[in-house]
Amino acid sequence: MYHFTQRSSALSFPKMCSVLWRFHHTSTSHLCSCSKTVSDEKYQDPFQLGRKDLKNLYEDIKKELLVSAAELKEMCDYYFDGKGKAFRPMIVVLMARACNIHHNNSKEVQASQRSVAVIAEMIHTASLVHDDVIDDANSRRGKRTLNQIWGERKAVLAGDFILSAASVALARIGNTTIISVLTQVIEDLVRGEFLQLGSKENENERFAHYLEKTFKKTASLIANSCKAVSILGCPDPKVHEIAYQYGKNVGIAFQLIDDVLDFTSCANHLGKPTAADLKLGLATGPVLFACQQFPEMNAMIMRRFSKPGDVERAWKYVLQSDGVQQTTYLAQRYCHAATREIRKLRPSPEREALIHLTEMVLMRDK
């Protein structure tokens, strides 16, 4: 699976479909091995384990966002309301503990490692604010977006301010390597957005384009945040690579499932409109897989589902195809890769929680 993730961009789309078809038609024990692996372990709830280190997370973020202008403060605090699951910070603190235990059996999260968790959530939220402006989105996490309430210009400025505060917090860590690792995330977010704005005419290049965009927009933050805390906790470059690969594979799987949910979850449950990606002209995994069964979708992809009826037809084609299943199987493969990587660390409750997390990613419904 490690080779699969490393070489996926080099595979032509038909070849990738063939690989996934063989994966699908292997025994069911292989398909369920992710669940089986976790059930054989002592159950560890990631959110329960990470709760101690994430206590007062949002209060600490708000301290980083100290500002005198009441309206800007209200905008910055809007998504930091403590109602989110803090998925990314939770992965970061669990990875920090797992790496610390692996290195010298230290069970405490360093202050600098926790700062990385805070910074990761700030960068993530700033990217959501900017994404909503670009997409002209009207709902996020079950409530109205910043741009709908305060307008696009002020929303962009609020996102910029959150990002600048995250940069200040990052500089305060005082480690140039960590600064380099986490600023890569910001570069990747911008490059990923540009990738999303474009599309490939060549069908064989589209899936590689999609996976690269998925890494840069979603997985880079998790991968590089995990790498950052591993660097702070352990001098071994092999551990840094394990942390990075785990975060990369979990991040890609997370987005693949998110793309599946755009077709399978009701809008109220998901917290944003379904078919949102199609309406934005985006061809995600389920659409690209469906193209193999319905080649007429290629023309719709190239015009970004802009003609009347394109979105409805594409939606119907995806649900008639095995695009949702194939995307889910691909997410399973990435989760298997993440599990294999993290198993290279010394056993610990945090390591087992990170293993269990891969199952949670696959099973989530919002």
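**Exercise 1. A network of charged side chains**

Which residues are linked with Asp-60 in a network of salt bridges?

Solution. The model is a predicted one. Step 1: the network of salt bridges links Asp-60, Lys-63 and Arg-114. Step 2: take the pair Lys-63 and Asp-60, whose closest N and O atoms are 3.8 Å apart. A salt bridge requires such atoms to lie within 4 Å, so this pair qualifies. Step 3: consider the sequence positions. Because Lys-63 and Asp-60 are three residues apart in helix H6, about one helical turn separates them. Step 4: compare the surroundings. Lys-63 has a relative accessibility of 58% and is therefore exposed, while Asp-60, at 21%, is partly exposed.

**Exercise 2. The packing of H13 and H14**

Describe the geometry and the residue classes of the contact between helices H13 and H14.

Solution. Step 1: locate the elements. H13 covers residues 203-233 and H14 covers residues 237-264. Step 2: the two helices pack at an angle of about 145°, and their axes are 7 Å apart. Step 3: the crossing of H13 and H14 is right-handed. Step 4: by class, their contact contains 13 nonpolar, eight polar and three charged residues.

**Exercise 3. Nonpolar residues, outside and inside**

Identify the residues of the nonpolar surface patch, then contrast Leu-197 with Leu-357 and Ile-301.

Solution. Step 1: Ile-134, Val-190, Phe-194 and Leu-197 make a nonpolar surface patch of about 420 Å². Step 2: helix H12 (residues 176-197) contributes three residues, the largest share of the patch. Step 3: Leu-197 lies in H12 and is exposed because its relative accessible area is 53%. Step 4: Leu-357, in helix H21 (residues 349-363), is buried, with a relative accessible area of 0%. The C-alpha atom of Leu-357 is 9.0 Å from that of Gln-44, although 313 residues separate the two along the chain. Step 5: Ile-301 belongs to helix H18 (residues 297-302) and is likewise buried, at 3%. Its C-alpha atom is 7.6 Å from that of Leu-282, 19 residues away in sequence.

**Exercise 4. Positive phi values**

Locate Asn-56 and Arg-304, and state the phi value and accessibility of each.

Solution. Step 1: Asn-56 sits in the loop between helix H5 (46-54) and helix H6 (57-64). Its phi is near 65°, a positive value in a residue other than glycine. Step 2: with a relative accessibility of 43%, Asn-56 is partly exposed. Step 3: Arg-304 occupies the loop between H18 and helix H19 (310-320). Arg-304 is not a glycine either, yet its phi is positive, at about 55°. Step 4: Arg-304 is partly exposed, with a relative accessible area of 25%.

Notes. Residues numbered from 1 in each chain as written. Predicted model: local features only at pLDDT ≥ 70, side-chain atom pairs only at ≥ 80, totals over all residues. Heavy atoms only, no water. Axes fitted to C-alpha atoms, helices over the stretch in contact; angles between N-to-C directions. Helix = DSSP H or I, 4+ residues; strand = E, 2+ residues; numbered from the N terminus. Left-handed = near helix turned anticlockwise from the far one by under 90°. Nonpolar A, V, L, I, M, F, W, Y, C, P; charged D, E, K, R; others polar. Patch = residues over 30% accessible without salt bridge, like charges linked within 9 Å, V, L, I, M, F, W, Y side chains within 5 Å. Areas by Shrake-Rupley, 256 points an atom, 1.4 Å probe, with all protein chains shown as cover. Buried < 20%, exposed > 50% of the residue type's maximum accessible area, 1.4 Å probe, protein only.
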